[in-house]
Amino acid sequence: MTTEPTTQTNSDTDSTTLTDAVVDSLRGTADPRLHQLLAALSRHLHDFVRETRPSMAEWERAIAFLTATGRACTDTRQEFILLSDVLGVSMLVETINGHSGDGATTESTVLGPFHMTESPVRELGANIDLVGTGEPCVVSGRVLSRDGSPLPGAVLDVWQADGEGYYDVQQPDLQPPGNGRGLFTADAEGRFRFRTCVPSPYPIPTDGPVGDLLRATGRHPYRPAHIHFIASAKDHEPVTTHIFVAGSDYLDSDAVFAVKESLVQDFAETDDPSLAREFGVPNPFRHARFDLVLEPSEPSEPSAPLERS
Ligand code: BEZ
Ligand code: FE
């Protein structure tokens, strides 16, 4: 028996008949989560169209924008992630999947598009500023568990733009690979330390469709000065985060909405000749000191005892 395709009478675009038909057409989706996602997407998209009633020309413009966004993607550039970033979607997904932010553990924030190369392994205390474009500073602290116990051997992946606001991968002719990056292992007391330069605010890439969107909406492209971290330790959830420089421009208008108050750190002017000597920085120097606190992992289900044959 052949089934006649359902014909839709769409005279009333405010009715949900068409939406119901689309949602119903998904009922054969085998994966329940995929079914949930596609049904909700269809309902929300239809509600959006009913609310905004786009003209055909506007709909074609939207398709052209998404097409251009796809075309701008390369192996080293992800314009769709950038679109998700400037619409606040990346931050929403990050926050939903991060820990609750009860103040006891370090809050997460967006990964961003510049963690594209492996950070070079460096000794504690090493200088990640290979070029010397900015004001020298020292960053130090401890990696701790929720209960305050230190996490020896915790690994810190660090990356930042130079003092002029560019990542090494953006200026391959000017910066050596690995500039502003380091992979550090915390010592027996969970301590870390490295030398770098005070980062600067910088604009996200604006030479593609996302730049057009920012210009069309009168938005600036800047992010406040920050250093990226991924901290990980045995039996703990890794955290992807930043520290933001207290007093930086754009803290209240980050182009990607990634600032959380708890992540803003003072890069305090510090007068300590012996520490300055240890790090090879002129005294006085700027020093950011903070702890990264990780959530213990949920204990995994005990595995079933192996049956003897
Ligand atoms: C960044 O911090 O590197 C970044 C994050 C989101 C979009 C663009 C840049
Ligand atoms: Fe960044």
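At what angle do the axes of helix H4 and helix H6 cross? Hold that thought for a moment.

First, the ground rules. This is a predicted model, where local features need pLDDT of at least 70, side-chain atom pairs count only at pLDDT 80 or more, and totals for chains, interfaces and linings use all residues. Residues are numbered from 1 along each chain as its sequence is written, chains are lettered from A and ligands numbered from 1 in the order in which they are written, and side-chain values use heavy atoms, with hydrogens and water left out.

Now the helices. Helices (H or I, at least four residues) and strands (E, at least two) are DSSP runs, numbered from the N terminus. Two packed helices are described by the angle between their axes and the distance between the axes. Axes here are lines fitted to C-alpha atoms, for helices over the stretch in contact, and angles run from 0 to 180 degrees between N-to-C directions.

Back to the opening question. H4 spans residues 79-86 and H6 spans residues 209-216; their axes cross at roughly 25° and come within 9 Å. So H4 is roughly parallel to H6. On angles, under 35 degrees counts as roughly parallel, over 145 as roughly antiparallel, 65 to 115 as roughly perpendicular, and the rest as oblique.

Who touches whom? From H4 we have Glu-79, Leu-82, Leu-83 and Val-86; from H6, Pro-209, Val-210, Leu-213 and Leu-214. Contact means heavy atoms within 4.5 Å. By class, that is 7 nonpolar residues, no polar ones and 1 charged. For the classes, Ala, Val, Leu, Ile, Met, Phe, Trp, Tyr, Cys and Pro count as nonpolar, Asp, Glu, Lys and Arg as charged, and the others, Gly among them, as polar.

H4 also meets H3. Those two axes come within 7 Å and cross at roughly 125°. That makes H3 oblique to H4. H3 brings Phe-65, Leu-66, Thr-69 and Gly-70, and H4 brings Glu-79, Phe-80 and Leu-83. This contact divides into 4 nonpolar, 2 polar and 1 charged residues.

Next, the ligand. Which residues are around ligand 1? Leu-82, Asp-85, Gly-112, Pro-113, Phe-114, Tyr-167, Tyr-202, Ile-204, Arg-223, His-226, His-228 and Val-256. To count as near, a residue needs a heavy atom within 4 Å of the molecule.

For Tyr-202, a polar side-chain atom lies 2.6 Å from an oxygen atom of ligand 1. For His-226, that distance to a ligand oxygen is 3.1 Å. For Tyr-167, a side-chain N or O atom is 3.5 Å from an oxygen atom of ligand 1. A polar contact is a pair of N or O atoms within 3.5 Å; within protein, one must be able to donate a hydrogen and the other to accept it, and residues adjacent in sequence count only if both atoms are side-chain atoms.

Stay with Arg-223, one of the residues around the ligand. Arg-223 sits in strand S6, residues 222-223. Is Arg-223 buried or exposed? Buried, at 3% relative accessibility. The cut-offs: buried is under 20% relative accessible area, exposed is over 50%, and partly exposed is in between, with a 1.4 Å probe and protein chains only. The side chain of Arg-223 makes a polar contact of 2.8 Å with that of Asp-254. Not counting residues up to four places away in sequence, Arg-223 touches several others, including Tyr-202, His-228 and Val-256.

Another buried residue is Ser-140, at 14% relative accessible area. Ser-140 is in strand S1, residues 136-145. A polar contact of 2.8 Å joins its side chain to that of His-287.

Last, the backbone. Most residues other than glycine have a negative phi, and most peptide bonds are trans. Arg-53 has a positive phi of about 45°. Arg-53 lies in the loop between H2 and helix H3, and is exposed at 51%. Asp-235 has a positive phi too, near 65°. Its loop runs between strand S7 and strand S8, and Asp-235 is exposed at 53%. Then there is a cis peptide bond, from Asn-283 to Pro-284, with omega near -5°. Pro-284 lies in the loop between helix H7 and strand S11.
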